[in-house]
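Welcome! Here is a short tour of a ligand site and a strand pairing. Have a look at the sequence and the model before reading on.

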Amino acid sequence: MKASIALLPGDGIGPEVTDAAATVLCAVAAAAGHQFHFSEGAIGGCAIDAFGSALPDSTRDACLAADAVLLGAVGGPKWSDPKASVRPEQGLLQLRSAMGVYANLRPVRVHPRAAEFSPVKADRLAGVDLMFVRELTGGSYFGKRQRDADSASDQCRYTVIEIERVLRRGFELARSRRGHLTSIDKANVLETSRLWRETAIRIANEYPDVCLEHQLVDSMAMLLISRPSAYDVLVTENLFGDILTDEAAVLAGSLGLLPSASLGDGKRGLYEPIHGSAPDIAGKQWANPLGSILSAALMLRHSLGLEAEAAAIESAVSTVLDRCELTRDLGGDASTSQITDEVLEALRDAHFDSRQAAA
Ligand code: NAD
Ligand code: IPM
Ligand code: MN
């Protein structure tokens, strides 16, 4: 097949990890006989420096014209002055909104070797297989902001339609998994959360085969660490999902391992690891590229319909975690490009080729 992929490396370790993921995508395309056409665009701090905008029109238009977008990370100390009028993160939020990608899927699996780097005890980590669905284009991220000399506010607003569509995505996923959905809110305090909970109860009638449970976000933060294997699909609003998924990365052993897929109503999606630009390790080839490589696998699955290819990448990453020298976040000394080469070798060893892709 032919596909056009917009590549947005961004800032900090973004270029290092997207380079790794693009290399893996090229290898898969060559092995399976696909043609992926990459077009690179600027976003974030580097786009502010070059164009004065965190999301230049040319980048936005290229993303809207592509079949899928692979993004690294944006931001860094250079652009973090609280008084700055334009920030790298605005570019990412504008892109998510322009693409209409309201459902952010953040799968969390725990590989036994990486689990050794989790502070959570091994018996709690056995069998953890979570799918977070974070609402991505609403809530306090997109509400009205106000600031004067001695006060500030960020409005948190949700419409019923915004809540319904992301919950439906969660119920569909739960149906294809273990049939359990946890809706996370703060309905004991927030009006948006009461609307969220009412909507979840109503939408659940359409999915009698899925068991719906509600959790308040504060106790969910605790339960995620104390009994993570008890959960399947977890759906929540934008800010809660941002915080809980970085917490969930602690279960997996490193923030550098977690991928994400941001989807709207069509096939086009935005794919990015959940970590940031990691300014503390940028430019050193220390970044773990596996979260970005796994995001590329999600792109093959959700936007390009290439399930065999996606599974081959996931299996190669698992093999690398089983047997190779890992990056520093996982106690090893391997560089970003060394671990990428190991993924390529694992793909070759698995004899992934066009026959398997077509099967
Ligand atoms: P971060 O995720 O960049 O880093 C947190 C810690 O995790 C750091 O110690 C970092 O070295 C480590 N880490 C992150 N990814 C890693 C990887 N792949 N391999 C090894 N170690 C890794 O969070 P932060 O430091 O709070 O934020 C830095 C900047 O990134 C901020 O400007 C923030 O806004 C931005 N950010 C961007 C995104 C994004 O573009 N999607 C996501 C989160 C944060
Ligand atoms: C993430 C990041 C972003 C978010 C920032 C950089 C805007 O933390 O993708 O998790 O909060 O959504
Ligand atoms: Mn985040």
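## A strand hairpin

Two strands pair if DSSP finds at least two bridges between them. This is a predicted model, and in it strand β6 (residues 145–148) and strand β7 (residues 151–154) run antiparallel, joined by four bridges. With two residues between them, β6 and β7 form a hairpin.

Around ligand 2 you will find Glu89, Leu93, Arg96, Arg106, Arg134, Tyr141, Asp242 and Ile274. Sorted by class, this shell has five charged residues, three nonpolar ones and no polar ones. Helix α4 (residues 88–99) supplies the largest share of the shell, with three residues.

In the side chain of Tyr141, an N or O atom is 2.5 Å from an oxygen atom of ligand 2. For the side chain of Arg96, the distance from an N or O atom to a ligand 2 oxygen atom is 2.7 Å. An N or O atom in the side chain of Asp242 is 2.9 Å from an oxygen atom of ligand 2. Taken alone, ligand 2 exposes 320 Å², and the protein buries 78% of that area.

Key: Residues are numbered from 1 along each chain as its sequence is written. Chains are lettered from A and ligands numbered from 1 in the order in which they are written. This is a predicted model: local features need pLDDT of at least 70, side-chain atom pairs count only at pLDDT 80 or more; totals for chains, interfaces and linings use all residues. Side-chain values use heavy atoms; hydrogens and water are left out. A residue is near a molecule or strand if one of its heavy atoms lies within 4 Å of it. A polar contact is a pair of N or O atoms within 3.5 Å; within protein, one must be able to donate a hydrogen and the other to accept it, and residues adjacent in sequence count only if both atoms are side-chain atoms. Accessible areas come from the Shrake-Rupley method with a 1.4 Å probe; for residues, only the protein chains shown count as cover. Ala, Val, Leu, Ile, Met, Phe, Trp, Tyr, Cys and Pro count as nonpolar, Asp, Glu, Lys and Arg as charged, and the others, Gly among them, as polar.
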